[in-house]
Every structure is written in C-alpha cells, then in structure tokens.
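Here is a friendly briefing to read alongside the sequence and the 3D view. Have both open, and follow the topics in order.

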Amino acid sequence: MNQLDKRNQLIKEWISEAAEISKASFENELVIHEKTNRTDLVTNIDKEIERFFIEKIETFFPGERILGEEGSGHQMTDLEGIVWIIDPIDGTLNFVKQQNDFAIMISIYEDGIGQLGYIYDVMQDALYFATKGQGAYLNGRRLKNVEDTPLNQGLIAISHRLMADETNEEARKIGRASSGVRMIGSAGLETVHVITGRLVGYLGASLAPWDIAAGKIIAEEVGLVYTQLNGKKIDLLKHNATILATPRAYNEIMKNYHLER
C-alpha cells in the first residue's frame, strides 16, 4: 500500500469513528458555549472530535501540521509542507438544534495544493471525497462532472449573513435571478449540493479555511469554480467571502452583480 492509499484508508476509518462519537452524544447533555454570538456555537463534542483527529494524526504522521477549527492544532503563517485542515463538526448549530445536517470535514494540503478532501454527511452516511487529479467520489461511486447550468436554471445557496444584510441588495438580486434560494446552514453540505448538481452555486459571506479546504478539492475535481468573491484565489490562511458555482453561473454572477468584495 502506498502512502496515499494508507492515508486514505486511515482517514475513512477515523471519520467513521468520529461520526459515532457525534451520534452517541445525542443521548447525553451537551456542554455548549458561544464563540462570537448566540448562533456561533461550540460544544464539548466539537472539541472531543478535534482532539481525536489530532491524536490520530500525531500518532501515524508525526511532524505534520494541523489547522483545526477549535484551536487544538498549530498556529499557521504559511502552508508549507503537509498541512491537515479539520472541521470536526461543520454546522454545529444544526447539530445542536436539529441533530441533523452537519458534516465532518478533513483535507490534506501539500505546499498549499489540495491533495485529499473529505466531507462526511453524518446522518445520511454519505462520504464525499477526492484525490487531486483522480476524480471525486460519493461512497465509492465516481461522480460525473457537473452540468454547466446557468444561474436562471438552477437553485442557489446564499448564506444567511449575505441575505440578511439590508445594505446588500445584490445578494437578493442573485437569488431572484436563480430558480430559488436554499439554505442548509453547513458550508460542507451546501458545497456537496453544488458538487452533485442539486445547486448551481453557493455564496458564503465569510468562510474559514476549515469551511473551504475539503470542499474546494472535491469541487474542482468535478469542474466547478471556487474563488473569493473578488475573483482572487482562496486564501486558506484567512476568512474568505466566497463563490462556488458552475462555470456559467460563476461568470454570470461575477459579470452582472456587484457583491461587497
């Protein structure tokens, strides 16, 4: 087994174990804290799963750096070498309020280039993953390249923060130009809905590296475009206002609408 296959096998095993930790927690009372506000939550399970992944990585791949949402990893000023980017529970508010629509996300970057990306929809038992240059898969079935659907023929996800901003009429214009707006509340799940053609695009107001990293690898393997709203490349050392879309929808939005960038 080569190094890449070894990583792939181990990561899938770890994700499965982490998913069981998250589901087992439904039987217990969560310890919940607000991070920045009442809708930005962290639980003891987010922290437990992140520590679980970090312990595994440090055991099997010592010396490799880790960027985790809950701060248990390393401080990053560059992406040199091999860097793991982890979101233990993407959609924590959904996890707390609904016990549904949340994901586990892991990716590996080497010198800033995405190599492996995983998004696991826990409650649907759906694992989306990709290896750079080798296509994207859902539970082992290779995904086709997306149809290049224009904006007016597809549904779009637009983050609540963009839609609720009364000064940002452009986001609502995009919504009206599409077939309709859908929101899930999980960047990872919104991303895989674009990857599988259920959405034509996804606009995020301010996504962190761990919200983006895995999905970007998978999305690019099926022919999607993923950039900052200003058209620049994603910067995985900061938060980004983002657009993920089919090429046609991407070009329409970037040409015809003027979102805050």
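**A strand residue, and how to read the model**

Ile66 lies in strand β3, residues 65-68; helices (H or I, at least four residues) and strands (E, at least two) are DSSP runs numbered from the N terminus. The model is predicted, so local features need pLDDT of at least 70 and side-chain atom pairs count only at pLDDT 80 or more, while totals for chains, interfaces and linings use all residues. Residues are numbered from 1 along each chain as its sequence is written, and side-chain values use heavy atoms, with hydrogens and water left out.

**Ile66**

- Ile66 has a relative accessible area of 0% and is therefore buried; buried means under 20% relative accessible area, exposed over 50%, and partly exposed in between, with a 1.4 Å probe and protein chains only.
- From Ile66 to Arg142 is 76 residues in sequence and 28 Å in space, C-alpha to C-alpha.

**The chain as a whole**

- The chain's secondary structure comes to eight helices and 14 strands.
- For 261 residues, a compact globule would have a radius of gyration near 18 Å, and the chain agrees at 18 Å; the radius is taken over C-alpha atoms, and the globule rule is 2.2 Å times the number of residues to the power 0.38.
- Taken along the principal axes, the C-alpha atoms fill a box of roughly 50 × 40 × 35 Å.
- Of the 261 residues in the chain, 51% are buried.
- Contact means heavy atoms within 4.5 Å; among contacts between residues at least 6 apart in sequence, 59% join residues at least 24 apart.
- The chain exposes about 12300 Å², and carbon and sulfur atoms supply 44% of it; accessible areas come from the Shrake-Rupley method with a 1.4 Å probe, and for residues only the protein chains shown count as cover.

**The second largest pocket**

- This pocket has a volume of about 370 Å³. On a 1 Å grid over the protein atoms alone, a pocket is an open set of points where a 1.4 Å probe fits, with protein on both sides within 12 Å along at least five of seven lines, and lining residues have an atom within 4 Å of a point. Grid points are joined across faces, edges and corners, and a volume is the space filled by probe spheres set on the points.
- The second largest pocket is lined by 17 residues, with Tyr109, Gly112, Gly114, Lys216 and Glu220 nearest its centre.
- Two or more lining residues come from each of β6 (113-121), α7 (209-221) and β13 (225-228), and α7 gives the most, with four residues.
- The lining divides into eight nonpolar, three polar and six charged residues. Ala, Val, Leu, Ile, Met, Phe, Trp, Tyr, Cys and Pro count as nonpolar, Asp, Glu, Lys and Arg as charged, and the others, Gly among them, as polar.

**Two helix residues**

- Asn8 lies in helix α1, residues 3-24, and is buried because its relative accessible area is 16%.
- Leaving aside neighbours within four places in sequence, Asn8 is in contact with Tyr118 and Phe129.
- Arg161 sits in helix α4, residues 160-164, and is exposed, with a relative accessible area of 58%.
- Not counting residues up to four places away in sequence, Arg161 touches Ala205 and Ser206.

**Two loop residues with positive phi**

- Asp111, in the loop between β5 (103-110) and β6, has phi near 50°, a positive value in a residue other than glycine. Asp111 counts as exposed at 53% relative accessibility.
- Asp125 is in the loop between β6 and β7 (126-131), and its phi is near 50°, positive in a non-glycine residue. At 49% relative accessibility, Asp125 counts as partly exposed.
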